[in-house]
Amino acid sequence: MNSNQKKRNFQIEAFKHKVVVDPKYAEKTWKILEHAIHEIYNHNASGLSFEELYRNAYNMVLHKFGEKLYSGLVSTMTFHLQEMAKTIEAAQGGSFLEELNRKWTDHNKALQMIRDILMYMDRTFIPSTHKTPVHELGLNLWRDNVIHSSKIQMRLLNTLLELILRERTGEVINRGLMRNIIKMLMDLGPSVYQEDFEKPFLEVSADFYRAESQEFIECCDCGDYLKKAERRLNEEIERVSQYLDTKSESKITNVVEKEMIASHMLRLVHMENSGLVNMLIDDKYDDLGRMYSLFRRVPEGLPTIRDVMTTHLRETGKQLVTDPEKLKDPVEFVQSLLNEKDKYDKVINKAFSNDKTFQNALNSSFEYFINLNPRSPEFISLFVDEKLRKGLKGVSEEDVETILDKVMMLFRYLQEKDVFEKYYKQHLAKRLLSGKTVSDDAERSLIVKLKTECGYQFTSKLEGMFTDMKTSQDTMQGFYSNYGPELGDGPTLVVQVLTTGSWPTQPSVTCNLPAEMSALCEKFRSYYLGTHTGRRLSWQTNMGTADLKATFGKGQKHELNVSTYQMCVLMLFNNADRLRYKEIEQATEIPSSDLRRCLQSLALVKGKNVLRKEPMSKDIAEDDTFVVNDKFSSKFYKVKIGTVVAQKESEPEKQETRQRVEEDRKPQIEAAIVRIMKSRRVLDHNNIIAEVTKQLQSRFLANPGEIKKRIESLIEREFLERDSADRKMYRYLA
């Protein structure tokens, strides 16, 4: 085969002579097809040859009679649909929808068959002439001739709305039929479903729920109303899933939310005897949860709940921290704060799905009212003191941690954390020195928590106190191994050596110790100063304790655990039967306020009265006389005699603590000012105040007046200077 043959192209030549079509061909063929369409609509399709019909339709299109075929199809289908419409119109009552559904099914089946026959026209003629495809054409004709027929359109809408109303009022309706009819409207295109059904449906629903909500709100309490609203909302969501378009869900739920919730929001929240405040008081978690989930669906719903909760919480908190009864007992005061916090934590957790905005509202409310009471820092420290002294005996470690965590939570709300630190230090010192702490681990755990919260500076002195206690044990071992033999069986001494900076400073008050004790103390002093150079010791007799062995009238023996002051008083009675108040005061030189308290606890506390006072009265007077109570008896061998102490500080003590706190704040404020000015070099007055307040807020709320005084002081000492042009500007002087 040569290359020329390879390259030759094949060509198909056109017919040489024209094919002549019988002029009546088109008419005849159409008649066959028209008859077939009639038969299909009349349910007689079984006798038809679809292959033959397809070929006929194919030939008509091929021979350019597509237009005739298409217009014939439109008129034949229209005829049948108009007939169907008449049947549907004639249907009475409940059978109206059934008839419509039946005819719709028939039409769909017929349409399927017709489309199969006219498939060739659908594929070639229709796209080239931009006409509507057969299936879509069938739907449009159904819409125009049936659904939009003057006698059907409104009747259909009213029937559907009436059925939905009946379902809303508790009747059972044929949901399958509803589903089919609604599906038909959706198949006819989104606009038909929306215009012919959805819009009117939403309007009617709004009217229905507006009226119903009005009726409910007049006769129900808040909890019941919310249950009804929730039920209605769920019913509508279920209705959509059963027989409406899924896109309708958000629209119909919006209607229910607006009419049943948004319109009555304030009235529900403030409803008398059953609104939000009552739910909070009565711990109605289910109702609160329901309110939260319904209100979150509407604009401004959650802020409404949050504001009412915050207002209520602040009012109850304010009452709590200013209640004179509660202020009598600091432990109960703090416990009621913790109870309140637990209560609201539970509400937010159970009902408000741990919503962060609600937690923030809770925190700001607590911070607001805890700081209304200037004694909160002191009371929280007393609460810790109570718990760590005896309140945690027999409590598991986890529970101890839980209590400490709760205390820390209250501590975070305090603006004056340095005041808490002052009191905490005093209370911790008393616990350590009297050996009263329940658990060293719990003490250290709390210090670690405070350190995490406020940094090393806050707790360095507290840790120093623990170090001193440990060092003192070692010192005593050294003292006794040196002096043990020569001390014999005289009194024993246990000394705690406290570093001045770490412990709360107490004015050093000397009192005259009994001779045998005095000698022992001198021995210890010389031992200690011999082993440590450059140190001074001063005795804090007001902080010590002693154990005395005593024998009473009929030979009954007891061991008395008393304070150092009480020991000094009791030892005087070894050499005297009766002593007047003045004599005791001169012999011991104990400050009179301490001496009175000391004598009160020795003579006036029932069951602990080892002395007798003449004359008998509740208070100690200057001319009272004291004798040993020979008739003293106790079922215990060891008797602990406490000192009558005020648990809370007295007014002068409070003033003194306050002054100490204010003094301690001055260097901190100055340090903050210098730090800020060092980095900024030049800054105006208002900005310094703002920066200092911000830097110090983790410890206390700095007073602008005090900051101003500290700035003046720094200017005097030439750390800063005022700008010569602008008096409100300060410069840092390196």
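Entry 1, the charged patch. I took a patch to be made of residues with over 30% relative accessible area and no salt bridge, with like charges joined within 9 Å and nonpolar side chains (Val, Leu, Ile, Met, Phe, Trp, Tyr) within 5 Å. A salt bridge here is a side-chain nitrogen of Lys or Arg within 4 Å of a carboxyl oxygen of Asp or Glu. I worked with a predicted model, in which local features need pLDDT of at least 70 and side-chain atom pairs count only at pLDDT 80 or more, while totals for chains, interfaces and linings use all residues. Residues are numbered from 1 along each chain as its sequence is written, and side-chain values use heavy atoms, with hydrogens and water left out.

I found a patch of negative charge on the surface, where E397, E398, D399, D440 and D441 gather. I then looked up D440, which sits in helix α23 and counts as partly exposed at 41% relative accessibility (buried is under 20% relative accessible area, exposed over 50%, partly exposed in between, with a 1.4 Å probe and protein chains only).

I noted 31 helices and nine strands. The radius of gyration is 48 Å, well over the 27 Å that the globule rule gives for 734 residues, so the protein is more spread out than a compact globule; the radius is taken over C-alpha atoms, and the rule is 2.2 Å times the number of residues to the power 0.38. Along the principal axes, the C-alpha trace spans about 155 × 80 × 65 Å, and 45% of the 734 residues count as buried.

Most residues other than glycine have a negative phi. I looked up N273, whose phi is positive, near 65°; N273 lies in the loop between α13 (265-269) and α14 (276-281) and is exposed, with a relative accessible area of 63%. R681, not a glycine, has a positive phi of about 65°. I placed R681 in the loop between α29 (651-680) and β7 (682-684), where R681 is partly exposed at 41%.

Notes:
Accessible areas come from the Shrake-Rupley method with a 1.4 Å probe; for residues, only the protein chains shown count as cover. Lys and Arg count as positive and Asp and Glu as negative; His and the chain ends are not counted. The place of a charge is taken as NZ of Lys, CZ of Arg, CG of Asp or CD of Glu. Helices (H or I, at least four residues) and strands (E, at least two) are DSSP runs, numbered from the N terminus.
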